[in-house]
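Subject: Structure handover

Hello,

Here is the structure I promised to pass on. Please open it first, then read the notes below.

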Amino acid sequence: ALVTGVALGAFQAFSLFVKAKEVPAAAQCAAGGEGVRWRCCRQAFEELSGIHRHVALQHGGDVGQQPGLAEAGQQAGLAAKQADAEASPWSGPDPAGSADGLSGHTHSSPEIFCTLPDTSRISYNDLTSKVGEVLLYYCYCEVKDPEKLCAWQKALCQHLHLTGKVRVASEGINGTVGGSKVATNLYIEVMLSQPLFKDILCQEDFKSSAGGAHCFADLRVGVFKEIVPMGIDPKILSYKETGIHLSPQEFHREVEQYLSQASQGQSDTILLDCRNFYESKIGHFQGCLAPDIRKFSYFPSYVDENLELFKDKRVLMYCTGGIRCERGSAYLRSKAVCREVYQLKGGIHKYLEEFPDGFYRGKLFVFDDRYAICSNEDIISACRYCGTLWDQYKLCSSQHCRQLVLTCPSCCNKGLTACCPVCQEKELKVTSRASGETLKEECACTKRRPRVPIEHVSQRMLDTGK
């Protein structure tokens with residue numbers, strides 16, 4: 001059951017807790033600078049997202065426990081419900097001029113229900129069990145109040161003891177969260193009951209794999225301009241201009257036909273991997289074109305530099321869970337050079353659920369502490385030092401670097417644990433700021449990599465599916 005009334009009170013309590021940490025305007029200079037607007041736990045916060053994150057992560061048990069806060073929150077929630085159209089439970093001034101920074105809802109889009117599931121009958125051990133799963137999902141939809149959706153997501157994930165990353169924007173939501181099976185099931189149930197996602201998000205849109213809360217270091221929920229960082233304003237390039245979605249079965253048949261035609265030198269199709277080079281390195285579809293790019297934000301430039309490659313071609317695109325293809329296919333279509341653009345609905349994740357031994361070979365890279373999940377026994381990558389087959393990533397051992405490296409146990413035992421010779425030779429000194437945060441340098445191997453590679457692919461290579 002969804003305890004809406006109590007949840008509304010809880011969110012008002014959250015808002016009031018944040019309000020209590022506000023630095024009065026007259027005291028802001030003395031508090032540590034004109035930009036300081038909140039102080040808590042001997043920390044100063046200038047941005048609304050910062051104080052929200054701090055309270056959600058550090059004071060979840062305190063919110064509503066202070067005298068008068070819970071009662072005031074519940075009363076405010078009931079009053080807001082009775083006011084109905086006049087104000088939402090989160091109504092208030094513009095974020096730039098308020099302590100809680102939560103704007104009122106707009107009646108032209110579905111209201112965001114700030115509901116939390118009832119966990120009173122679930123034991124703590126069941127809710128926090130280490131045996132669980134990791135969910136991957138996204139939903140493109142119009143969000144009038146991203147800050148409100150963000151605050152609800154923070155509270156919901158914390159309530160269910162979920163960790164992970166959730167990106168919220170005016171164009172929708174994109175998340176990957178880990179927790180117990182009980183917690184992830186409740187999370188899906190609440191998400192599907194959210195009016196904002198009605199008739200858009202469904203059970204099939206949630207991809208799951210074995211894991212749990214331990215797969216992420218913490219919980220990070222924030223408001224961004226895009227729910228997947230492509231670097232193009234959603235107002236300029238809309239997800240609504242996407243390519244044609246193919247189910248895993250349809251995509252499987254298309255790849256089968258493509259490989260058959262390519263072997264006979266008759267293919268007019270490009271099987272395009274939209275992911276980064278380190279992802280496709282350990283697993284990809286047979287016969288694919290995998291761009292040697294480090295970030296998805298480089299993908300538009302990659303398309304621009306290789307337009308001739310896509311001219312008059314049928315393009316079959318795929319990525320991990322489907323979200324990068326939404327924007328990627330829209331961008332490719334905007335260039336008006338391809339004959340047709342298709343994309344794999346649900347991404348590799350959904351394909352492997354139905355075809356674990358299909359045309360995708362190797363591991364599936366994931367953005368959490370597991371680094372990869374397995375569906376078949378193929379190893380298609382190698383140790384960077386000795387060349388033996390190996391596909392288990394580790395972070396470069398040089399503390400200034402955050403690159404991923406493939407180094408087998410034998411080479412690790414020899415001390416070969418860095419991503420490149422430069423890192424291997426560097427002294428393992430940690431350069432830190434006053435706060436103790438490690439500074440990240442750009443690695444030499446990254447500097448040598450072309451930001452946007454220009455493909456030198458002949459028609460013969462495309463025809464043979466290489």
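One term to begin with: contact means heavy atoms within 4.5 Å. This is a predicted model, so local features need pLDDT of at least 70, side-chain atom pairs count only at pLDDT 80 or more, and totals for chains, interfaces and linings use all residues. Residues are numbered from 1 along each chain as its sequence is written, and side-chain values use heavy atoms, with hydrogens and water left out.

Aspartate 126

Leaving aside neighbours within four places in sequence, aspartate 126 is in contact with Ser180 and Val182. The C-alpha atoms of aspartate 126 and valine 182 are 6.8 Å apart, although 56 residues separate them along the chain. Aspartate 126 sits in helix H5, residues 124–127. Helices (H or I, at least four residues) and strands (E, at least two) are DSSP runs, numbered from the N terminus. Is aspartate 126 buried or partly exposed? Its relative accessible area is 43%, so it counts as partly exposed. The classes are buried (under 20% relative accessible area), exposed (over 50%) and partly exposed (in between), with a 1.4 Å probe and protein chains only. Its side chain also makes a polar contact of 3.1 Å with the side chain of serine 123. A polar contact is a pair of N or O atoms within 3.5 Å; within protein, one must be able to donate a hydrogen and the other to accept it, and residues adjacent in sequence count only if both atoms are side-chain atoms.

Tyrosine 138

Tyrosine 138 belongs to strand E3, residues 132–140. This tyrosine is buried, because its relative accessible area is 16%. Not counting residues up to four places away in sequence, tyrosine 138 touches several others, among them Ile173, Leu201, Lys207 and Ile323. Asparagine 174 is 36 residues away along the chain, yet the two C-alpha atoms are separated by 4.1 Å.

Salt bridges

How many salt bridges does the structure hold? There are 18. A salt bridge is a side-chain nitrogen of Lys or Arg within 4 Å of a carboxyl oxygen of Asp or Glu.

- Glutamate 226 pairs with arginine 327, with the closest N and O atoms 3.1 Å apart. The two are 101 residues apart: glutamate 226 is in the loop between strands E7 and E8, arginine 327 in helix H12. Glutamate 226 is buried at 9% relative accessibility, and arginine 327 is buried at 0%.
- Arginine 275 and aspartate 273 meet at 2.8 Å, N to O. Both are buried.
- Aspartate 304 and lysine 335 meet at 3.3 Å, N to O. Aspartate 304 lies in helix H10 and lysine 335 in the loop between H12 and strand E12, so the pair ties together parts 31 residues apart in sequence. Aspartate 304 is partly exposed at 35%, as is lysine 335 at 30%.

Salt bridges that share partners also join Glu171, Glu226 and Arg327 into one network.

Helix H13

Helix H13 covers residues 347–354, and six of its eight residues are buried. They are Gly347, Ile348, His349, Lys350, Tyr351 and Leu352. H13 packs against helix H8 (residues 248–263) at an angle of about 90 degrees, with the axes 9 Å apart. Axes are lines fitted to C-alpha atoms, for helices over the stretch in contact, and angles run from 0 to 180 degrees between N-to-C directions. Pro248, Gln249 and His252 of H8 meet Lys350, Tyr351 and Glu354 of H13.

Best wishes
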